[in-house]
Amino acid sequence: MIEFHLDGRSGVAPYLQLIHQVRHALRLGMLHEGDQLPKVKDVAAGLAINPNTVLKAYRELEYEGLAAARPGIGTFVTGTLDGGSLAAHGPLRRDLQRWLAKARRAGLDDESIEALFASTFRSAAEEDIA
Amino acid sequence: MTAVIQTQGLGKRYRRLWALSDCTLSVPAGHVVGLVGPNGAGKTTLLSIAAGMQAPTAGTIEVLGGRPAAGAAQLARVGYLAQDAPVYARLSVADHLKLGVHLNPAWDAGLARGRIGRLDLDPGQRAGTLSVGQRAQLALTLAIAKRPELLILDEPVASLDPLARRQFLQGLMESVAEQGLSVVLSSHLVGDLERVCDYLIVLVASRVQVAGPVEDLLATHHLLSGPRRDPGSLPGGVQVICASHTDMQSTLLVRTSGPVLDPAWTVSEVTLEDLVLAYMSQAAGRSRRHHLEEVPK
């Protein structure tokens, strides 16, 4: 079972934050097909948010084919987002850890590492388009 | 849209002073409705009339289709938590629950006991010695366990510390999810409202400035910034709520149903706080102009 959190300052609508967190968990293999999503009541009570917000997020996930409601029981994951690539995560994560260690040895702080990653990511994406 | 509260020209006068005048509004069912406005807007007066704690001087009000406090049946349908969560200081927590059994036809004793247990309140403790947060939770328990269709909360979290506030709202949202009751609550804490409310009413000087589902309000209001210019040059259908100008730049908060396509404007999303402040300052500006016009020549 995943646990939701809310960033009040992000400016992203709360229901979208919930959707992002489910998608994120699916991508990282923390949620699998058949897993139950937290009950609407528990999310509303846990985060002190309107239950309609949770319902809206779950409906949206149903619409995307990622979840399905079983009346009286709850909402369950029905799709995946890892595209079968989950097996590759381990080696890639290890490469990334080695790279991170190298970056720190070179004296980069967290912010510089994030900025370098983001700008490389963007320029690589632009080359792909060009 | 069925209304849980419907008023028409509602007014309340205390001696010579009108605390609420000519207030016409409609609160939809099935929502958690946030009522915001400056101090003195008439929020407390409106809510206490709706709860049947006092009678209006003028106009009409219907609550769940009936007259407030018209009889025992009507009283049982509405839960009301006044400011500062009044409880009986000399009675224990358990005494309060006993009172609840005797005073409310639909009292849910299991729910009340369960909540008191989860809150870790000592049933034998006198309410007067509880912390402010615990007192608010006790009062909320009483209001919820009577199983109302409509729960009216006047500034329920204003005096609570951040943790107690969060716990109070958690309990409230849990009850909304479980019982599907309609809620109207007044508050100045827009951050809280953003989480718990799905419908907003901005009330300034007894007048509704804007009302609607929070999501629709956020989708139809935008913040525009760009080179200084006359707001009159905006296309039709764009309503300026609030504008500020420097020599170089104009910043407008507008309401529009369609997208703003003019490339001269940088369009950004508004937060609920931006929106509330814009309507409050718009109304304040209007009343200032109104007073100026009234000055005799």
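Predicted model: local features only at pLDDT ≥ 70, side-chain atom pairs only at ≥ 80, totals over all residues.
The contact between them draws 10 residues from domain 1 of chain B and eight residues from domain 2 of chain B. On the side of domain 1 of chain B that touches domain 2 of chain B, the elements giving two or more residues are helix H7 (190-196) and strand E8 (199-204) of chain B. By class, that side of domain 1 of chain B consists of eight nonpolar residues, one polar residue and one charged residue.

Two open sheets of chain B were examined. In one of them, three strands of chain B are arranged in the order E2-E1-E4, with antiparallel pairing. The edge positions are taken by strand E2 (17-28) and strand E4 (58-63) of chain B, each of which pairs on one side only. On average, and with direction ignored, neighbouring strands of this sheet are turned by 15° against each other. Strand E1 (residues 3-14) of chain B runs antiparallel to E4(B), and the two are joined by five bridges; within this pairing, B:Ile5 stands opposite B:Val63 in E4(B).

The other open sheet is formed by four strands of chain B in the order E11-E12-E10-E13, again with antiparallel pairing. Strand E11 (239-245) and strand E13 (266-269) of chain B stand at the edges and have a single partner strand each, so one side of each is left without a neighbour in the sheet. Strand E10 (residues 221-227) of chain B pairs with E13(B) in the antiparallel sense over four bridges, and B:Ser225 has B:Thr266 in E13(B) as its bridge partner.

Helix packing was considered next. Two packed helices are described by the angle between their axes and the distance between the axes. In chain A, the axes of helix H1 (residues 14-27) and H3(A) come within 8 Å and cross at roughly 45°; H1(A) and H3(A) are therefore oblique to each other. The crossing in which H1(A) passes H3(A) is right-handed. From H1(A), residues A:Pro14, A:Tyr15, A:Leu18, A:Ile19 and A:Val22 meet A:Thr53, A:Val54, A:Lys56, A:Ala57, A:Glu60 and A:Leu61 of H3(A). The contact of H1(A) with H3(A) has, by class, eight nonpolar residues, one polar residue and two charged residues.

In chain B, helix H5 (residues 132-145) is approached by helix H3 (residues 93-103), the axes coming within 10 Å and crossing at roughly 20°, which makes H3(B) roughly parallel to H5(B). The crossing of H3(B) and H5(B) is right-handed. Here B:Val93, B:His96 and B:Gly100 in H3(B) meet B:Leu138, B:Leu142 and B:Ala145 in H5(B), and the residues of this contact divide into four nonpolar, two polar and no charged.

H5(B) also packs with helix H4 (residues 109-118) of chain B, with axes that come within 9 Å and cross at roughly 160°. H4(B) and H5(B) are therefore roughly antiparallel to each other, and their crossing is right-handed. In this contact B:Leu111, B:Ala112, B:Arg115 and B:Ile116 in H4(B) meet B:Thr141, B:Ile144 and B:Ala145 in H5(B), and the classes represented are five nonpolar residues, one polar residue and one charged residue.

Between the chains, 13 residues of chain A are in contact with 16 residues of chain B. On the side of chain A that touches chain B, helix H2 (40-47) and helix H3 (51-63) of chain A are the elements that give two or more residues. The largest share of that side, five residues, comes from H2(A). The residues of the side of chain A that touches chain B divide into seven nonpolar, five polar and one charged.

Note on methods. Residues numbered from 1 in each chain as written. Chains lettered and ligands numbered in written order. Axes fitted to C-alpha atoms, helices over the stretch in contact; angles between N-to-C directions. Parallel < 35°, antiparallel > 145°, perpendicular 65-115°, else oblique. Left-handed = near helix turned anticlockwise from the far one by under 90°. Contact = placed C-beta atoms within 7 Å. Nonpolar A, V, L, I, M, F, W, Y, C, P; charged D, E, K, R; others polar. Pairing = 2+ DSSP bridges.
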